[in-house]
Amino acid sequence: MTEKKAKNVLGTELEICSLEPVTGFYRDGCCNTGGSDLGLHTVCTEVTEEFLAFSKERGNDLSTPHPLFEFPGLKPGDRWCLCVERWKEAFEAGMAPKVKLESCHISTLEFVDLEDLQEYAIEA
């Protein structure tokens, strides 16, 4: 029996978001999600200095390393599987980071419109 691959927001196979740093709730490089992923880390983003400052201001410091949680701390240009609600909050505030559509899990569409994601898409 073959393992069923997750789909992205475009309806194709979910692609890797980042292996450096290794991202994803399951630390598999992909924005996979499941029942234990309460934060829904489904949006593959390319973070900016502005977004990192915005997130820290909102109580989610993504710049400081936390080795206990295998979190390296992010710097501008890093790709990271972000919680869909955090991306949506940043979008509504005009601070959303760019996204890699091919690496955003399809469940993202339960919270965010594809058109909004496309507006922030990283050019392939």
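Biologist: What volume does the largest pocket have?

Modeller: The largest pocket has a volume of about 320 Å³. This is a predicted model, where local features need pLDDT of at least 70, side-chain atom pairs count only at pLDDT 80 or more, and totals for chains, interfaces and linings use all residues. Residues are numbered from 1 along each chain as its sequence is written, and side-chain values use heavy atoms, with hydrogens and water left out.

Biologist: Okay, pocket meaning what?

Modeller: On a 1 Å grid over the protein atoms alone, a pocket is an open set of points where a 1.4 Å probe fits, with protein on both sides within 12 Å along at least five of seven lines. Points are joined across faces, edges and corners, and the volume is the space filled by probe spheres set on them.

Biologist: How many residues line the largest pocket, and which lie nearest its centre?

Modeller: The lining has 16 residues. R27, H41, L62, F71 and W80 lie nearest the centre. A lining residue has an atom within 4 Å of a point.

Biologist: Which strand gives the most to that lining?

Modeller: Strand β2, residues 79-83, with 4 residues. Strands here are DSSP runs of E, at least two residues, and helices are runs of H or I, at least four, numbered from the N terminus.

Biologist: How do the lining residues divide into nonpolar, polar and charged?

Modeller: There are 8 nonpolar, 5 polar and 3 charged. Asp, Glu, Lys and Arg count as charged; Ala, Val, Leu, Ile, Met, Phe, Trp, Tyr, Cys and Pro as nonpolar; the others, Gly among them, as polar.

Biologist: Cysteines now. How many disulfides does a search of the whole structure find?

Modeller: It finds 2. A disulfide is a covalent bond between the sulfur atoms of two cysteines. Here the cut-off is a pair of cysteine sulfur atoms within 2.5 Å.

Biologist: Which cysteine does C17 pair with?

Modeller: C17 pairs with C44, sulfurs 2.1 Å apart. C17 sits in the segment before β1 (41-46) and C44 in strand β1, 27 residues apart. The link is right-handed, with 85° about the S-S bond.

Biologist: And what does C31 join?

Modeller: C31 is joined to C81, also by a disulfide, S to S 2.1 Å. C31 lies in the segment before β1 and C81 in strand β2, so this pair ties together parts 50 residues apart in sequence. The torsion about its S-S bond is about -95°, so the disulfide is left-handed.

Biologist: Is C31 buried or exposed?

Modeller: C31 is buried, because its relative accessibility is 0%. Buried means under 20% relative accessible area, exposed over 50%, and partly exposed in between, with a 1.4 Å probe and protein chains only. C81 is buried too, at 2%.

Biologist: What is the pairing in sequence order?

Modeller: Numbering the bonded cysteines that way, the pairing is 1-3, 2-4. C83 is in no disulfide; its nearest cysteine sulfur, that of C81, is 9.9 Å away. C104 is in no disulfide either, with the sulfur of C44 nearest at 5.9 Å.

Biologist: New topic. Where does S107 lie?

Modeller: S107 is in the loop between β3 (98-99) and α3 (114-119). Its side chain makes a polar contact of 3.0 Å with that of H105. A polar contact is a pair of N or O atoms within 3.5 Å; within protein, one must be able to donate a hydrogen and the other to accept it, and residues adjacent in sequence count only if both atoms are side-chain atoms.
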